[in-house]
Amino acid sequence: MEKSQSTKPRVLSVVNQKGGVGKTTTTVNLATALAAVDKKVLIIDFDPQGNASTGLGISQNKREITSYELVLGEASVGKAIQKTAVPNLHIIPATIDLSGAEIEMVTMAKREFRLKEALSENPYNYDYILIDCPPSLGLLTINALVAADAVLIPLQCEFYALEGLSHLVKTVELVKANLNRDLSIHGIVLTMYDRRNKFTEQIENDVREYFGEKVYNSVIPRNIRMSEAPSHGKPALIYDMNCAGSKAYIKLASELLKRERALSKELEAA
Ligand SMILES: Nc1ncnc2c1ncn2[C@@H]1O[C@H](COP(=O)(O)OP(=O)(O)O)[C@@H](O)[C@H]1O
Ligand SMILES: [Mg+2]
């Protein structure tokens, strides 16, 4: 029997080569919000810092099979996944070993396609796979871009944000032209949004003018509860569902799902 369409997950890579812009927070909370509306979700922690793993309560000594083994072809998705405290949400954790993979892969055949190949099986029928990328545009991030259907870019409204963004968009275009023609930008989400910062409004206006509808309407406010949650090993959405940041991620998730429905209609019509 032919495999049904639904067995192919949507793969979204959360990318920005700058550190500290909200990639991990966005990955973890968006994934939690999607899981809460009954989507089956897998997070791949693809940053050697392993922050998504920590934020979901997977302690270092429980990270035996990780995204390192996955990307080197030493373990399958089914072997590497771990359950989290959130129903419907699994994770493949990361440790510092992953930084070695970046070097080990250089001499390997099809080095840009290692993650994509590892994700060709979908043993748990995931609806979404979210990849939390490291803060660089090296081979790990290229693997995440090749494996992805679309990228989600968290952007902090600060002075240098736009410079980094144009470099990132160029990289996405290069990957699209050479390695993954189906890649698209799902959207740009403004994170740690703070109107009191004098650059916020100016950067927001520039980004919205240039990227138009690609910028999500929902913005994620700067909110202390968001930064407290990871130390409790919980997504902010579980730690404090009613805080402003959690509410913003719920809105973002519904906006994302709305875009997904529009996209699948476009595909059907094509
Ligand atoms: N909306 C927010 N409000 C307050 N703090 C936040 C928010 N989003 C992220 N943070 C904090 O900012 C830091 C960087 O966020 P993180 O998601 O780890 O960024 P990245 O993965 O891009 O390095 C973390 O300490 C995180 O808890
Ligand atoms: Mg991170």
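How many bridges join β1 to β5? Five bridges do, and the two strands run parallel. This is a predicted model.

## The sheet

Seven strands form an open sheet with mixed pairing. Their order is β3-β4-β2-β5-β1-β6-β7. β3 (82-83) and β7 (184-191) stand at the edges. Each has a single partner strand, so one side of each is left without a neighbour in the sheet.

β1 covers residues 10-14. On the β5 side, Val11 stands opposite Ile129. β1 also pairs with β6, in the parallel sense, over three bridges. Here Leu12 stands opposite Ala150.

Ala150 has a bridge partner in β7 as well: Ser184. Seven bridges join β6 (residues 150-156) to β7, and these strands run parallel.

## Helix α1 across the sheet

Helix α1 takes in residues 23-36. It lies across β1, β2 (41-45), β4 (89-92), β5 (128-132), β6 and β7. The helix runs at about 165 degrees to β5.

## Around ligand 1

Which residues are closest to ligand 1? They are Lys23, Thr24, Thr25, Met226 and Ser227, from a shell of 18 residues. Six residues of the shell are nonpolar, 10 are polar and two are charged.

α1 and α10 (224-228) each supply at least two residues of this shell. α1 gives the most, with three residues.

How values were computed: Residues are numbered from 1 along each chain as its sequence is written. Chains are lettered from A and ligands numbered from 1 in the order in which they are written. This is a predicted model: local features need pLDDT of at least 70, side-chain atom pairs count only at pLDDT 80 or more; totals for chains, interfaces and linings use all residues. Two strands pair if DSSP finds at least two bridges between them. Helices (H or I, at least four residues) and strands (E, at least two) are DSSP runs, numbered from the N terminus. Two residues are in contact if their C-beta atoms, placed from the backbone, lie within 7 Å. Axes are lines fitted to C-alpha atoms, for helices over the stretch in contact, and angles run from 0 to 180 degrees between N-to-C directions. A residue is near a molecule or strand if its C-beta atom, placed from the backbone, lies within 6 Å of it. Ala, Val, Leu, Ile, Met, Phe, Trp, Tyr, Cys and Pro count as nonpolar, Asp, Glu, Lys and Arg as charged, and the others, Gly among them, as polar.
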